Amino acid sequence: MSNLDLINKTILFVKEKLANAEGGHDWFHIQRVYKNALLIANGEICDETVVKLGALLHDIADSKFHNGDETIGPKMAREFLESESVPESVIEHVIQIINNVSFKGGNTEKVFSSIELDIVQDADRLDAIGAIGIARAFNYGGFKNRALYNPQITPNLNMTKEEYKNSQTPTINHFYEKLLLLKDKMNTETGKQIAQGRHQYMMGFLAQFYAEWDGEL
């Protein structure tokens, strides 16, 4: 099977599996991450097939929507890739990307490294910031019936992985607990450059939000 056929089959597989996904973690999220990953990969020496597969399969079964079970996504991805006779070395690399791409509170120790993971991680993080990131944050907050903002609930900047997974704080807190931290956690030069602009957009949004909240504008 050609790489193009494999990628096209993977796209169809992901579209089918995420047909009813929450709006911030649906096929369009995957598509945006895929495009971001290709853009970043252009400036790096990497295995483009691994990057494409990692980007397409990174959220095939996000643990947030599977009772916190982090094993379902890697298992589903492996079964699909094995069914397409993908070499084991490629499968294992993609599984490592799926296992290590998420933020998870930002305090977990990195146990696997590759330029392909760096690219997919940056691509995923770019989709969590800027205008799209703001839209996704409030979409997920509404999905979980969270408050927009509560001045009496301050952000927790030192959450463990479990605290982060179980957090029910207002959506505005999520900016400080994750979104505003991502600019300084980018891996690649391209990712860092794009993140700067998206970070500034979020800062402008927050300034406007607080001004409106306080009746100043």
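The side chain of Asn173 reaches the backbone oxygen of Ile153 at 3.1 Å, a polar contact (a pair of N or O atoms within 3.5 Å; within protein, one must be able to donate a hydrogen and the other to accept it, and residues adjacent in sequence count only if both atoms are side-chain atoms). The model is predicted: local features need pLDDT of at least 70 and side-chain atom pairs count only at pLDDT 80 or more, while totals for chains, interfaces and linings use all residues. Residues are numbered from 1 along each chain as its sequence is written, and side-chain values use heavy atoms, with hydrogens and water left out.

Asn173 belongs to helix 9 (residues 171-177); helices are DSSP runs of H or I with at least four residues, numbered from the N terminus. With a relative accessible area of 1%, Asn173 is buried (buried means under 20% relative accessible area, exposed over 50%, partly exposed in between, with a 1.4 Å probe and protein chains only). Not counting residues up to four places away in sequence, Asn173 touches Ile153, Thr154 and Pro155, where contact means heavy atoms within 4.5 Å.

The largest nonpolar core has 56 residues, of which Val14, Leu56, Leu57, Leu81 and Phe175 touch the most other members. Helix 2 (residues 27-41) gives the most to this core, with seven residues. A nonpolar core is a set of buried Ala, Val, Leu, Ile, Met, Phe, Trp, Tyr and Cys residues joined through side-chain atoms within 4.5 Å. Leaving aside neighbours within four places in sequence, Leu81 contacts Leu53, Leu57, Val86, Ile91 and Val94.

The structure holds eleven aromatic pairs. The ring centres of Phe138 and Phe205 are 6.0 Å apart and the planes stand at 65°, so this pair is edge-to-face. Rings of Phe, Tyr and Trp (its six-membered ring) pair if their centres lie within 6.5 Å; planes under 30 degrees apart count as stacked, over 60 as edge-to-face and the rest as tilted. Because Phe138 lies in helix 7 and Phe205 in helix 10, the pair ties together parts that are 67 residues apart in sequence. Phe138 and Phe205 are among the members of one aromatic cluster, which also includes Tyr149, Phe175, Phe209, Tyr210 and Trp213.

Helix 10 buries Gly191, Ala195, His199, Met202, Leu206, Phe209 and Ala211. Their cover includes the following helices.

| Helix covering helix 10 | Residues |
|---|---|
| Helix 2 | residues 27-41 |
| Helix 6 | residues 115-126 |
| Helix 7 | residues 130-143 |
| Helix 9 | residues 171-177 |

Phe205, by contrast, is partly exposed, with a relative accessible area of 26%. Just after helix 10, Gly215 takes a positive phi of about 70°.

Key: Helix = DSSP H or I, 4+ residues; strand = E, 2+ residues; numbered from the N terminus.
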